[in-house]
Amino acid sequence: MSWWVISLFFASDTGAIGYVFNVKIGSFLYNLCHHQGLTILFWGIGFYLHLQVLQLIGVILFSHSAFDRILGYGLKYEKGFKFTHLGEIGK
């Protein structure tokens, strides 16, 4: 099961694929995949429906977005990948 947890931990980063198309789509998809409200929603639905798998998904996705915030990778602005709500990356 550990491979499943590790792959789910990095699944949010697939949202960055939107940057292949343009910055607007890239920032939208990245922010959607890294929004902590969405992860809490997963957990909440899992809690309400007694589905531990959804709760686990919510916890793992939340931990990924929190880890990204610790590293300085915040939610992206449409100016470019390095412009986040936490400041500019690579300053």
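This is a predicted model: local features need pLDDT of at least 70, side-chain atom pairs count only at pLDDT 80 or more; totals for chains, interfaces and linings use all residues.
Residues are numbered from 1 along each chain as its sequence is written, and side-chain values rest on heavy atoms, with hydrogens and water left out.

The secondary structure of the chain comprises 4 helices and 3 strands, where helices (H or I, at least four residues) and strands (E, at least two) are DSSP runs numbered from the N terminus. From the N terminus on, the order of the elements is α-α-α-α-β-β-β. The C-alpha trace spans about 40 × 20 × 20 Å along its principal axes. Of the 91 residues, 27% count as buried, a class defined by a relative accessible area under 20%, with exposed set at over 50% and partly exposed in between (1.4 Å probe, protein chains only). Among contacts between residues at least 6 apart in sequence, 43% join residues at least 24 apart, contact being defined as heavy atoms within 4.5 Å.

Two packed helices are described by the angle between their axes and the distance between the axes. Axes are lines fitted to C-alpha atoms, for helices over the stretch in contact, and angles run from 0 to 180 degrees between N-to-C directions. The axes of α3 (36-49) and α4 (residues 52-71) come within 7 Å and cross at roughly 160°. Helix α3 is therefore roughly antiparallel to α4, given that angles under 35 degrees count as roughly parallel, over 145 as roughly antiparallel, 65 to 115 as roughly perpendicular and the rest as oblique. The crossing of α3 and α4 is left-handed; a crossing is left-handed if the near helix is turned anticlockwise from the far one by less than a right angle, and right-handed if clockwise. In this contact, residues of α3 including Q36, I40, W43 and F47 meet residues of α4 including L54, G58, L61 and R69. The contact residues divide into 11 nonpolar, 6 polar and 1 charged, with Ala, Val, Leu, Ile, Met, Phe, Trp, Tyr, Cys and Pro counted as nonpolar, Asp, Glu, Lys and Arg as charged, and the others, Gly among them, as polar.

Helix α1 (residues 2-9) also packs on α4, the two axes coming within 9 Å and crossing at roughly 50°. This angle makes α1 oblique to α4, and the crossing is right-handed. W4, V5, L8 and F9 of α1 form the contact with L56, I57, I60, L61, S63, H64 and F67 of α4. These residues comprise 9 nonpolar, 2 polar and no charged.

Within α4, L61 is buried at a relative accessible area of 13%. Beyond residues up to four places away in sequence, L61 touches L8, S12, T39 and F42. The C-alpha atoms of L61 and I40, 21 residues apart along the chain, are separated by 9.0 Å. L51, by contrast, lies in the loop between α3 and α4 and is partly exposed at 40% relative accessibility. Its C-alpha atom is separated by 23 Å from that of L32, 19 residues away along the chain.
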